Amino acid sequence: MLSKRQEIVTLAKSESIRSITFIGCGSSYCLSESAAFSCRLRSGLPAHALAAGDLMLNPERYSSILEDTLLIAPSRSGSTSEVVEAVRSLQDHGPIAVMALSCVSDSPLSTMANVSLELPWAFDHSVCQTRTVTNLYVANLMLTAFLGNDEVVIADIQKAIDQGESYMQRVESDIRNVADFAWTNAVVLADGELYGLASEGALALTEIAKVQAHSYHLLDVRHGPMVTVGSDTLVIAAITGNGSEHQRNLIRDIKGRGATIIAFADHADAVATEYVDLAVISDQSLDVAVQGIPFIFIPQIVALTSADRQGINPDQPDGLVAWVKL
């Protein structure tokens, strides 16, 4: 990514570019939501996230968004039909700048792009994506950091990478122990740039563990979804900042409904430990968006634990394929 930095910035900051549009399907769309949020905050450019299937079916509906945009398409395979067809349709109707981000070499998507970023080491052979998700999330975040010249985020990403193995080894068994019960409902909570990643966490829980899982902004869970929270619910929450009174009260009230709670933060003072079943602390001060790197490991391991308990093959869930070919 660093070796491509100038090429990326040159394309995105060219005179013809007025906005950034991320597109994807499934996990890639969830990641696109986080990437667009980061881009709006950090690059000074308007940014949007579109579901590739929606764009493929309704390209004319989004013409105002797509005018003078840089289209960024993160994709594990670079072959997903909706993504490839959406890009092809747009290119057939006129020139559009495209940046492809895939986990294979020489994919159909790569051949259509002005700039192609390929991460073949991140390709997941499992149907469900874990390593791919983390790497695409980081790559998207680095793109936005390049555009905003945000050296702090780039340095913090390196910190997260450096601690990755030791962090996973330290927290995995505790996550497994807390999540090893017959829960049937999961809620993933996060704000800001982490919200799209929370949606991906809920998707991983749904497809790997075959449970009902949903994502919400932290305090939004009070506005209706709280009625679904009970003793059969596992809640995973990303606590950012210093753990305000409102966050603490929310966790207290969720616990009062009988839920099991795993809370993540980068420092222990942010978590109301008296109300959670497990506090997962990265013990390293990181930019909020970079905290997503250790955070996404939690729903991934929770999903794997549930699949193991139920006797489900987590690599080959019934009814799914690694990437969709229409």
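Is Ala 272 buried or exposed? At 4% relative accessibility, Ala 272 counts as buried, a label given to residues under 20% relative accessible area, with exposed meaning over 50% and partly exposed in between (1.4 Å probe, protein chains only). The model is predicted, so local features need pLDDT of at least 70 and side-chain atom pairs count only at pLDDT 80 or more, while totals for chains, interfaces and linings use all residues. Residues are numbered from 1 along each chain as its sequence is written, and side-chain values use heavy atoms, with hydrogens and water left out.

Ala 272 is found in the loop between S9 and strand S10 (278-281); helices (H or I, at least four residues) and strands (E, at least two) are DSSP runs, numbered from the N terminus.

The rings of Phe 264 and Phe 295 are tilted, because their planes stand at 55°, with the centres 5.9 Å apart. This pair links distant parts of the chain, as Phe 264 belongs to strand S9 (residues 260-265) and Phe 295, 31 residues away, to helix H11. Phe 264 is buried at 1% relative accessibility, and Phe 295 is buried at 0%.

Two arginines meet aromatic rings in another way. A charge sits over a ring if NZ of Lys or CZ of Arg is within 6 Å of the ring centre and within 35 degrees of the ring normal. Arg 40 lies over the face of Phe 37, 5.2 Å from the ring centre, and the charged end of Arg 76 sits over the ring of Phe 123, at 5.9 Å from its centre.

Helix H9 (residues 195-209) carries Ser 199, which is buried at 11% relative accessibility. Beyond its neighbours within four places in sequence, Ser 199 is in contact (heavy atoms within 4.5 Å) with Cys 30, Glu 33 and Ser 215.

Technical notes:
Phe/Tyr/Trp six-rings, centres within 6.5 Å; stacked < 30°, edge-to-face > 60°.
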